[in-house]
Amino acid sequence: MDDKILHTLEYRKILNKLMQYTQTSMGQQRAENLKPSADFEGVKRLLQATDEGATVDRLKGIPSFTGISDVGGALKRASIGGMLGTTELLSVANTIGGGRRVKRFIAALHEDEKIESLFALSDLLSEQKHVEDDIRSCIDENADVLDTASTELATIRRELKVGETRIREKLDSMIRSTSVSKMLQDQLVTIRGDRFVIPVKAEYRAHFGGIVHDQSGSGATLFIEPEAIVALNNKLRETRLREEREIEIILHRLTAKVGDIAEEMKYDIDILGELDFIFAKARLARDMKASQPRMNDRGYLKLRKGRHPLIPGDQVVPLDVELGNQYSSIIVTGPNTGGKTVTLKTIGLLSLMSMSGLFIPAEEGSQLCVFDAIYADIGDEQSIEQSLSTFSSHMTNIISILKRMTPKSLILLDEVGAGTDPAEGSALAIAILEHIHRIECRMVATTHYSELKAYAYERKGIINASMEFDVQSLSPTYRLLIGVPGRSNAFAIAERLGLPGAILEHARGEVKEEDMRVEHMIASLEENRLLAENERGKAELLRRETEELRDKQKNEIEKLDSQRDKRLEKAEKDAAAILDKARKEAEEIISDLRRLALEEGASVKEHKLIEVRKRLDEAEPKKRKKEGARNAVKPPRQIQPGDEVAVYSLNQKGSVVELSGSKEAVVQLGIMKMKVRLDDLELLSSATKVSAQPQRHATTVKRTRDENIRSELDLRGTNLEEAIMATDRFIDEAFLGNLGQISIIHGKGTGVLRSGIQEYLRKHRYVKSYRLGNYNEGGAGVTVAELQ
């Protein structure tokens, strides 16, 4: 792409904004050298990477590239046997660690959200952790070699500390002596040229032996190394030289390890730079509120609310334009300062950005084409009369474009044919536009010439357009109107500014009748356009509201369906669990009944059967059948002895032996007889339809007084639920034992147990009455019940 075109369309300013979002010098260099690509597949890959970068930014934020730097120079010196300094080695270690962090960040996000190209790129990074660990074990964060870098270095530095301590002790003792202190400028120990010295007044130089290493600016103070510590300083200097040699050995060893991985790290630096560049593009897209355009290679361009990225958001007017479908060329007419040049630059700059893999500031659904080149002849300086660019410079530029353009090029021409005689200029403009149109380039051109309106109207594949102008406010709105040629609006503006009517009428008379008809036609078209635009806006609003309502209803239905499915699934699981539990309980109850029949023979106690029956009742699945369901099935007539019936609570069939009062019946169930409430029975067949049954030996239940039956129950220390269960069993035993009166000891306490027991006794069918105990019976801590 021609650099002049990039400059004309202000492409470099976009790159400068992009560079601000890079975190590394490698990413910044890529942003600075970014150029549009004419490779369709390559552009799609670039945009895909930017899209994945935007996804990462939206979900987790951009990863940090802190510590990562371009260590290419250090790697090159390491690979040829040079020695790296501590700062360079630390930069290498930081780059290795930073690359590993970025790689793991992308890999972790890839597990939740597929970012294929970023993951594939980051997965190529080599993790040279062993080299990083070796460097960090020898060099600290301040780029100083650690004592632990080697055993020899640790020994040397211990000797240095001991030597420095001895020298300081020697000097401290000297400056504290009265004979020496009077000759000192200050009583302190300092260092000059790695040697310990003390500040001596200049007048005492002859009385003070030693070596002068420095003097103050005034010459009043001499920094002298006393003879007593010269040998110690010499030894300390030798130790420091040994330290330097040992540090060099350590740095050579670390440099050799870096040299071994130099090639891999060069590749890693390139990858890290590319990743930083991709994330910078994503951050630029977020800053510009940009979206990913759909790319094509068939010359089709459609911008939806496209915005020039260099105009502030509160000032820019969105652009809607389509090119390359029904028409391949657009001719924009209208007055100066109406926004024609900005329209050209917006189309050209957004095309360049998309071909560079950048998102564009436009709404979703915008489409752009990968052109082989974009050519522009745009005058930057604008004035009301004409462009400041000369006719010759325009022609030179256009001739260059005509020589290089192809059918896959985008041509942008501003004020074509301007700067010369209007008649010749318009003829020349028509010829140039016709030549470009025949080549089948995509073209957008602006002009002042009214002759070009008729040319665009008559030529297939070319359409008129104009920049909207508000006559009321005498100012442009900067909106591009496709299909409507521009009007001069000169008469309307002059009339609003107060030009006398007679002059206006005279002016209108000077205009050709054909031109007036064209102006009237344009005015009618604009009026119809405004009306249609208003109606379309209302229809669009209604459509959006309808779609929102439809989407809301759809979401509600999906939500209700999901809730219903979850509840049905839960109900099925609960029902299966309840049924399984009931089946197991029933099996246990049947097993207990069989065991009782075998163990007790013909004298099974009724209270044992009652306990078994209660267990069966408790095992029945709750809330699977409403209470009214049982009462809804009423026998067609009164149950009589000999009828075949079904017992609801036991889920068993049997025959009625006899009626026991008006509410119960004795039912034969296999080898047992049992009293059952009539509302717990369902008539299956009457006695007349039941065939003669062979005589069976049945187990009978006798109500006889048992001497071992208790007449007193102690419930103290139990909770209410346990107390009621114990009371129920106690009453059954007492009733079967023909006890007329029983005593229930519940204690006084808070009264909760007493109230619960008395409420239970009030509803029990075997209890005739109850009262609190008398003084000699236990008082309020005992309830005495009379049985039927």
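**Notes on the predicted model**

1. Let's start with Glu440, which is found in the loop between helix 15 and strand 12 (442–447). Keep in mind throughout that this is a predicted model. Glu440 has a relative accessible area of 53%, so Glu440 counts as exposed.

2. On to helix 16, which runs over residues 451–458. Which residues of helix 16 are buried? They are Leu452, Lys453, Tyr455 and Ala456. Looking down the helix axis, you find these buried residues within an arc of 165°, so they line one face of helix 16. Turned away from that buried side is a face with the exposed residues Tyr457 and Glu458. As a reminder, an α-helix has 3.6 residues a turn, so residues three or four places apart point the same way.

3. Tyr455 deserves a line of its own. This residue of helix 16 has 10% relative accessibility, and because buried means under 20%, Tyr455 counts as buried.

4. Now the aromatics. How many aromatic pairs does a search of the whole structure find? The answer is two. One of them is Phe735 with Tyr766, a stacked pair at 3.9 Å centre to centre with 0° between the planes. Phe735 belongs to helix 22 (residues 720–736), while Tyr766 is in the loop between helix 23 (752–763) and strand 22 (767–772), so the pair ties together parts that are 31 residues apart in sequence. Are Phe735 and Tyr766 buried or exposed? Both Phe735 and Tyr766 are buried.

5. There is also a charge over a ring to look at. Arg192 lies over the face of Phe223, and the distance from the ring centre is 4.1 Å.

6. The structure holds three cavities of 30 Å³ or more, and the largest cavity has about 100 Å³ of space. Its lining includes Thr95, Ile96, Gly99, Arg100, Met265, Asp268 and Leu272. Leu125, Ser126, Glu127 and Gln128 are also among the lining residues. Which elements give two or more residues to this lining? They are helix 6 (86–112) and helix 12 (262–288). Helix 6 gives the most, with four residues. By type, the lining of the largest cavity divides into four nonpolar, four polar and three charged residues.

7. Last, two backbone angles to check. Most residues other than glycine have a negative phi. Lys305 has a phi near 55°, a positive value in a residue other than glycine. Lys305 is placed in strand 6 (residues 301–306), and its relative accessible area of 36% makes Lys305 partly exposed.

8. Glu415 is the other one: its phi is near 55° too, again positive in a residue other than glycine. Where does Glu415 sit? Glu415 is in the loop between strand 11 (409–413) and helix 15 (422–439). With a relative accessible area of 5%, Glu415 is buried.

Notes: Residues are numbered from 1 along each chain as its sequence is written. This is a predicted model: local features need pLDDT of at least 70, side-chain atom pairs count only at pLDDT 80 or more; totals for chains, interfaces and linings use all residues. Side-chain values use heavy atoms; hydrogens and water are left out. Buried means under 20% relative accessible area, exposed over 50%, partly exposed in between (1.4 Å probe, protein chains only). The arc is that of the directions from the helix axis to the C-beta atoms. Rings of Phe, Tyr and Trp (its six-membered ring) pair if their centres lie within 6.5 Å; planes under 30 degrees apart count as stacked, over 60 as edge-to-face and the rest as tilted. A charge sits over a ring if NZ of Lys or CZ of Arg is within 6 Å of the ring centre and within 35 degrees of the ring normal. On a 1 Å grid over the protein atoms alone, a cavity is a set of points where a 1.4 Å probe fits but cannot get out, and a pocket is an open set with protein on both sides within 12 Å along at least five of seven lines; lining residues have an atom within 4 Å of a point. Grid points are joined across faces, edges and corners, and a volume is the space filled by probe spheres set on the points. Ala, Val, Leu, Ile, Met, Phe, Trp, Tyr, Cys and Pro count as nonpolar, Asp, Glu, Lys and Arg as charged, and the others, Gly among them, as polar.
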